[in-house]
Amino acid sequence: MFAYLVRRLLYAIPILIGVNIITFTLFFVVNTPDDMARMQLGVRRVTQEAIEKWKAERGYDKPLFMNRAASGAGVLTDTIFFTKSARLFVGDFGRAEDGRDISKEIASRMGPSLAVAVPTFLLGVFVAVVFALVLVFFRASRLDFWGVVLCVAMMSISGLFYIIGGQYLVSRLWRLVPISGYAAGLDAWKFLVLPVVIGVVSGIGASTRLYRAFFLEEIGKDYVRTARAKGLSEAVVLFRHVLKNALIPILTGVVVVIPLLFMGSLLTESFFGIPGLGSYTIDAIRAQDFSIVRAMVFIGSVLYIVGLVLTDISYVLVDPRIRLE
Amino acid sequence: MTMRFVPVPLLTDILVWLLVASAVAFGVSSKKNPLARAAWRRIGRNRPGVVAATILVLFVAVGLLDSLHYRKRLDATAPGQSAVYAVEALSLLDAIAAPLKERNEKTYSAPLATRSYAKETLETRDAAGVVRGVRDFPRLEFGGAHLGEDEAGRGRDIVKKILVAEVFAAALFALIAGGTACALARRGAKDVRGVDLSPARAWKAIWCGETEFSWNAVLGVVGAALVLLAPIVFLCVDYHVFGTDKVGQDVLYQILKSVRTALVIGLVTTLAMLPLAIVLGIFAGYFRGWIDDVIQYVYTTLSSIPGVLLIAAAVLMMEVVIDTHPQWFVTAAERADVRLLALCGILGLTSWTSLCRLLRGETLKLRELEYIQAAQAFGVGHARILLRHILPNLTHIVVIALVMDFSSLVLAEAVLSYIGIGVDPTMISFGTMINNARMELARDPIVWWSLASAFVSMLALVLSANLFADAVRDALDPRRAG
């Protein structure tokens with residue numbers, strides 16, 4: 001197990017290098033720093049000096065890979081690739097367009113992101129499992145049929161409508177909670193209720209349908225027939241036998257997104273004005289702040305790879321038959 | 001004599017037409033294969049699936065009409081001169097819906113309204129002939145203009161138009177339904193019990209759902225569409241049926257235009273995705289070894305970057321390229337079109353990994369089967385094995401994945417446009433409609449019609465795509481087809 005994990009983590013290194021090369025290619029090779037400078041300073045009527053100044057301020061005036069003017073190790077380190085891309089590996093994300101330190105910004109924005117994402121995630125899984133159990137308990141009945149139809153209909157509504165509609169109904173019409181904003185500490189709850197509820201509702205259609213399929217697959221297995229043959233009631237079969245076994249694919253399926261909760265949710269955070277990483281990312285995309293987008297791409301990939309490793313571990317934990325070699 | 005117009009084949013137009021044509025060709029050619037025919041029959045018997053497919057056909061028809069672009073010749077051209085064509089590229093849909101496109105009001109107006117949403121200072125002349133400024137809602141320039149002074153007659157006029165429309169719809173429906181029954185009888189179709197159908201019997205079989213193909217579902221959708229759409233068609237000539245937006249554009253027109261954008265995103269993206277997914281997936285699964293390692297490495301790396309961020313990074317870069325090379329594009333429509341095409345390409349490049357993984361897994365299983373080993377023992381080359389023996393057995397996975405991706409792509413477009421990395425802001429799409437409409441709920445009285453119309457039409461499109469995808473999956477997936 002330990003050896004497997006070490007190997008798994010070592011395998012992550014080439015993947016991260018690959019991610020790094022992709023982002024570097026996108027941000028510096030497809031477009032030269034000159035193009036970026038023109039974009040930031042306005043395309044027309046920009047002097048070459050202004051571009052040079054912009055590049056020098058941000059350290060984009062170095063060569064891409066090889067700096068022949070430098071001496072010693074500087075040939076490789078005094079380049080854009082080393083200062084902008086390779087430094088990401090040690091957690092040095094550099095500065096944003098407005099001059100702020102990206103690492104500090106990320107650290108301070110993680111809290112609000114998690115405050116929305118964690119309750120949404122936990123409640124979402126719980127509610128979907130409960131709904132799926134209800135549908136499976138009444139399977140092949142009218143309730144089941146219309147429940148599935150409702151799930152498909154809910155899947156077909158864009159997430160934007162849930163947020164816009166929810167904000168309009170709850171905050172504007174009924175005036176139950178503030179429309180958007182955030183407060184530190186315990187006061188945050190009234191800003192968090194609505195985003196969490198909307199997050200749960202908008203995800204419920206797809207996950208209920210998926211979990212229902214898991215339950216139905218489990219119900220067709222031999223041990224369930226044995227349990228019924230023993231004379232157990234349907235409720236006992238469902239809750240004591242099927243639920244436990246169907247939780248295996250459900251849990252192992254959601255583990256991969258747990259690390260990504262740190263990234264926050266793009267839409268929810270930007271609509272509700274929550275100062276988390278999701279709204280940070282959206283603002284950066286809108287302001288075309290390439291350093292922030294690059295940093296978020298890197299962090300996102302690291303978290304995804306962590307999620308993959310956690311998934312492997314969770315398989316072993318919930319199903320003792322599986323051994324990682 | 002020069003032509004009255006010159007066709008402008010936009011890139012996305014060509015691709016959409018090609019895709020729809022090849023989908024139809026694929027469907028027709030697969031009829032020769034008995035297994036595929038059985039699968040088609042299963043879809044045909046699945047009533048929700050047929051309902052969804054019929055609705056999709058209506059959407060596709062609108063999208064295809066909107067994908068034939070041309071430029072009009074300007075009337076000012078003197079006889080001897082070479083023809084001068086308008087800068088703006090119009091589509092066939094624009095020509096059909098010309099009243100909707102051209103009759104713009106000043107600003108918001110409610111559905112079927114005769115007066116504007118916002119008050120203005122109007123100059124009226126009182127009995128003494130003195131001009132006075134009065135704050136009131138001005139009459140719309142076009143909405144209900146035919147009523148003249150008789151504004152109170154609006155209700156009566158609308159009811160009358162709806163009644164006429166319904167009579168027309170009923171007549172048309174009777175014609176279509178009768179035509180279907182006669183066509184079935186003439187083709188020598190049989191009902192489920194194998195009895196030959198006369199026109200009258202055919203009608204009864206359709207009504208009771210006893211035909212092989214669910215004709216009753218098709219006719220039901222056609223009937224419902226006629227009942228709902230005929231009044232809209234009859235009313236849209238004189239009113240703004242779904243109101244107007246901030247700059248006074250008819251919302252119904254925007255919806256019609258959004259359909260094409262959604263179709264292009266949903267269809268053309270698959271074109272970028274398919275070759276990569278199929279070729280790499282099959283190669284990885286069939287050749288294994290270092291080829292497999294490399295391909296797995298590539299798709300693990302790509303899929304480990306969060307999708308939205310990868311799309312955002314690629315779109316930002318594309319914007320820089322487009323902004324720094326304005327000389328590439330003659331018209332704004334072309335620039336928006338290239339941007340849309342690039343967006344499809346980016347979406348395709350970021351979403352091929354999951355299909356590739358599926359195909360690799362399936363190919364791994366297939367290559368161990370006896371018939372492949374037999375082919376190898378006979379000395380059949382790799383290329384032939386891949387094309388003749390492996391690829392045909394993967395089609396169901398590809399088709400299922402394509403149909404299922406369609407709805408998620410349409411939904412993704414809306415979100416991307418909100419973030420600002422979607423289609424060109426000048427291009428009408430569901431995303432830009434929602435984006436423009438979302439602040440309107442804060443107005444008092446609220447402007448609900450743009451958002452509501454976008455919601456309903458998008459739900460209709462995505463829901464029918466989802467239901468159709470379910471029907472296709474049930475029919476094609478060997479594990480589900482019982």
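Student: Which residue does B:Lys106 form a salt bridge with?

Tutor: B:Lys106 pairs with B:Glu120, and their closest N and O atoms are 3.5 Å apart. Keep in mind that this is a predicted model.

Student: Where in the chain do the two partners sit?

Tutor: B:Lys106 is in the loop between α5 (98-102) and β4 (120-125) of chain B, while B:Glu120 is in strand β4 of chain B. They are 14 residues apart, and the pair links distant parts of the chain.

Student: And B:Lys106, buried or exposed?

Tutor: B:Lys106 has a relative accessible area of 65%, so it counts as exposed. B:Glu120 is partly exposed, because its relative accessible area is 26%.

Student: How many salt bridges turn up over all chains?

Tutor: A search of the whole structure finds 26 salt bridges. Another one joins B:Asp157 and B:Lys161, with the closest N and O atoms 3.2 Å apart.

Student: Why are B:Asp157 and B:Lys161 separated by about one helical turn?

Tutor: Because they are 4 residues apart in helix α6 (residues 154-186) of chain B. An α-helix has 3.6 residues a turn, so residues three or four places apart point the same way.

Student: Are those two buried or exposed?

Tutor: B:Asp157 and B:Lys161 are both buried.

Student: What about B:Glu368, which residue does its side chain meet in a salt bridge?

Tutor: The partner is B:Arg288, at 3.8 Å from N to O. This pair links distant parts of the chain, 80 residues apart. B:Glu368 is in the loop between α12 (332-367) and α13 (370-377) of chain B, and B:Arg288 is in the loop between α9 (251-287) and α10 (289-304) of chain B. B:Glu368 counts as partly exposed, at 39% relative accessibility. B:Arg288 is also partly exposed, at 37%.

Student: Which residues are linked in a network of salt bridges?

Tutor: B:Arg115, B:Asp136, B:Arg139 and B:Glu151 are linked in that way.

Student: New topic. How many salt bridges are there between chain A and chain B?

Tutor: The count is 1. The side chains of A:Arg209 and B:Asp470 meet there, 2.7 Å apart from N to O.

Student: What area is buried between the chains?

Tutor: About 4100 Å², and carbon and sulfur atoms give 76% of it. On the chain A side, A:Ser156, A:Phe161 and A:Ile285 supply 15% of the area that chain A buries against chain B, more than any other three residues. The contact takes 43 residues from chain A and 44 residues from chain B.

Student: How many residues of α13(A) are buried?

Tutor: 8 of its 10 residues are buried, so this helix is mostly covered. Among them are A:Leu277, A:Tyr280 and A:Ile285.

Student: What covers them?

Tutor: The cover includes α6 (102-137), α12 and α14 of chain A, together with α11 (307-324) and α15 (395-419) of chain B. After α13(A) comes A:Gln288, whose phi is positive, near 55°.

Student: You mentioned α11 of chain B. What does B:Leu310 touch?

Tutor: B:Leu310 is found in that helix. Not counting residues up to four places away in sequence, B:Leu310 touches A:Ile22, A:Leu26, B:Leu302, B:Ile305 and B:Thr350. B:Leu310 counts as buried, at 7% relative accessibility.

Student: And the largest nonpolar core, how many residues does it have?

Tutor: It has 150 residues, and B:Ile390 and B:Ile434 have the most contacts inside it. B:Ile434 touches residues of both chains, including A:Leu160, A:Phe161, B:Ala414 and B:Met458. Another core lies apart from it, with 21 residues, among them A:Ala117 and A:Leu238.

Conventions: Residues numbered from 1 in each chain as written. Chains lettered and ligands numbered in written order. Predicted model: local features only at pLDDT ≥ 70, side-chain atom pairs only at ≥ 80, totals over all residues. Heavy atoms only, no water. Contact = heavy atoms within 4.5 Å. Buried area = accessible area lost by both parts, 1.4 Å probe. Salt bridge = Lys/Arg side-chain N within 4 Å of Asp/Glu carboxyl O. Core = buried A, V, L, I, M, F, W, Y, C linked by side-chain atoms within 4.5 Å. Buried < 20%, exposed > 50% of the residue type's maximum accessible area, 1.4 Å probe, protein only. Helix = DSSP H or I, 4+ residues; strand = E, 2+ residues; numbered from the N terminus.
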